[in-house]
Amino acid sequence: MTASVISAGPIPGTGRAAQGAIELRQVSKHYGDVVAVDELDLTVQPGEFVTLLGPSGSGKTTTMMMVAGFEEHTAGAILIDGKPVDTLPPRDRNLGVVFQNYALFPHMSALENVEFALRMRKVPRAERRQRAEEALDRVGLGKMGGRKPRQLSGGQQQRVALARALVFNPAALLLDEPMAALDKRLREQMQEEIKTLQKGLGISVLFVTHDQDEAMAMSDRIVVMRDGKIVQSGPPEEVYNHPMTDWVASFLGDTNLIPCTIVERNGEEAVVDLGGLGMAKVRDRGASGENYAVSVRPEHLKFRTRATAGNGCAASLVSSTNLGATVRHRLTAGGHDLQLRELSSDSVARIRPDEELWVGWDADKAQLLVLES
Amino acid sequence: MRGKILASSAFGLGGVVLAGLTLSGVVGAGAQVAPPPSFSRGVAHAVIATPYVYLTTRASLAGLNPALVRSAQSLGAGPLSVLRHVYLPIILPGLISGALFAFSVSIDETVMSLFMQSPGATTLPVKMFTDIQFNLTPKIAVSSALLVSVATIGLLLQVLFVLKRRSSTRMLPLAVSAQT
């Protein structure tokens, strides 16, 4: 269970081209007066891995259930490969779904679970057995076919669920927090395996999670949701490095938020007044609102010598915590609490509390954003 | 909650329906318009046994993970296939124990059967009861012995089954026992 055992490759005997565009147009879901999903526009390109990321209650699972056909949307249209599926029942949507707790049929063996979709499609016995065995082989469980789900570990159950969702060559794969029940190490391993499998098959994936690390590690594109709306969407690096609001910045990892007033905006760059921390040059992506702040990730804040010019200030150390690979320093500067994270190997062991220090950041690592809260 | 109310009212309702059936049997016997006696008796026994079957089936349905139904649907199963491949196998133990309950309640029921008996056919407890009253022979002892031994053998089989199941669970790999 330590090595990566899922081998990637085209689905045997199909040689199908990457398909599976999912499109949501102005899709809403109302439960009485409660708006769970609010006029959502979302497109998953063929072969793309899109993650819906948000806290619980943000509407991400409801969105996925509407795509799968388990929930009916109140308004809007859902299209799969260009065809409206609004009136199709789940069984005719041809989507592979992996549920949070896998939902394997407890009274069937692993192989029978995988065979199920082929049985429903009236595939002859010999062929479906062979295809199910191939699917189990692909997830590294070739020898476990005879076992019942309760005789399999969490990771193995998850692989069976994957094989079951893939065996009938679905148009796309929908994954609903599939790794929530696994421990950290297994989760990281499964992340890599699912990603490898997805790339190898060229299948589109709509993935739902509340875990920002998982979203960062797996996605081609992250769609951050809050209160049934899309807050920001883009490649993981872009959403992480260039959050549009303070909420997105804090939801995707730790950050230092320093309230500021804008002095000058010119295209990609802005000059801001950070109050007690002086003037600074920062990245600007055109976010507009009433109040602004600058976000600097803890790993982008660096200790400086006094001589370095721009985007820096004097600070004093409050505490240092060793987290293993990294060390987290808490600092105060100009009346603000700041966090600085550096590799343990780079860590400056000699610094003591109350000693005057200088910290700074590169202009392209500081992001101007809108303060929502 | 609603199910519980429904179940307990089913127990109560049974009495009302029974009274009606008995009455129709008694009155109808004179008027020659009653349904055939074996039919009334069947309905009467079903009325008594239904709440037991309902309760055990409901308990096993409550334990069914709704995601199982959804995953069957996403894999291409229509309503009938979901019933056959998901619901039935999972509630089967509940159905079987309900059937056993129904059987034992039905065979145990003397008073109602006595009211509804007809000359052509009678039930075992009724026959035993009338024989004790009017026709005491060793047959009564034999049938009692048979009933007791069937019950005892049934009980022993169940104990054996549970013991076997427990030991097979114990032999599962470590990963599984850690989970449970």
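I began with the chain interface of this predicted model and found 20 residues of chain A in contact with 20 residues of chain B, contact meaning that the C-beta atoms of two residues, placed from the backbone, lie within 7 Å.

The model being predicted, local features need pLDDT of at least 70 and side-chain atom pairs count only at pLDDT 80 or more, while totals for chains, interfaces and linings use all residues.

I then looked at how α2(A) and α4(A) pack, and found an angle of about 25° with the axes 7 Å apart; axes are lines fitted to C-alpha atoms, for helices over the stretch in contact, and angles run from 0 to 180 degrees between N-to-C directions. The two helices are therefore roughly parallel to each other, given that angles under 35 degrees count as roughly parallel, over 145 as roughly antiparallel, 65 to 115 as roughly perpendicular and the rest as oblique. From α2(A), the residues Ala110(A), Asn113(A), Val114(A), Phe116(A) and Ala117(A) meet Val160(A), Ala163(A) and Arg164(A) of α4(A), and by class this contact has six nonpolar, one polar and one charged residues.

In chain B I looked up α3 (residues 66–74) and α4 (residues 79–108), which pack at an angle of about 140° with their axes 10 Å apart, and α3(B) and α4(B) are therefore oblique to each other. Here Leu68(B), Val69(B), Ala72(B) and Gln73(B) in α3(B) meet Val82(B), His85(B) and Val86(B) in α4(B), a contact with five nonpolar, two polar and no charged residues.

Turning to strands, I traced in chain A an open sheet of four with the order β2-β1-β4-β5 and antiparallel pairing, two strands being paired if DSSP finds at least two bridges between them. Because β2 (34–44) and β5 (83–84) of chain A stand at the edges with a single partner strand each, one side of each is left without a neighbour in the sheet. Two bridges join β4 (residues 75–80) of chain A to β5(A), and Leu79(A) stands opposite Pro84(A) in β5(A).

Last, I checked the domains of chain A, which is divided into domain 1 (22–240) and domain 2 (246–371), bounds that come from an automatic or database domain assignment. Their C-alpha centres lie 38 Å apart, and seven residues of domain 1 are in contact with five residues of domain 2. β9 (221–226), β10 (229–234) and α7 (236–241) of chain A each supply at least two residues of the domain 1 side. Five bridges join β9(A) to β10(A), which run antiparallel, and in their hairpin, with two residues between the strands, Asp227(A) takes a positive phi near 50°.

Methods: Residues are numbered from 1 along each chain as its sequence is written. Chains are lettered from A and ligands numbered from 1 in the order in which they are written. Ala, Val, Leu, Ile, Met, Phe, Trp, Tyr, Cys and Pro count as nonpolar, Asp, Glu, Lys and Arg as charged, and the others, Gly among them, as polar.
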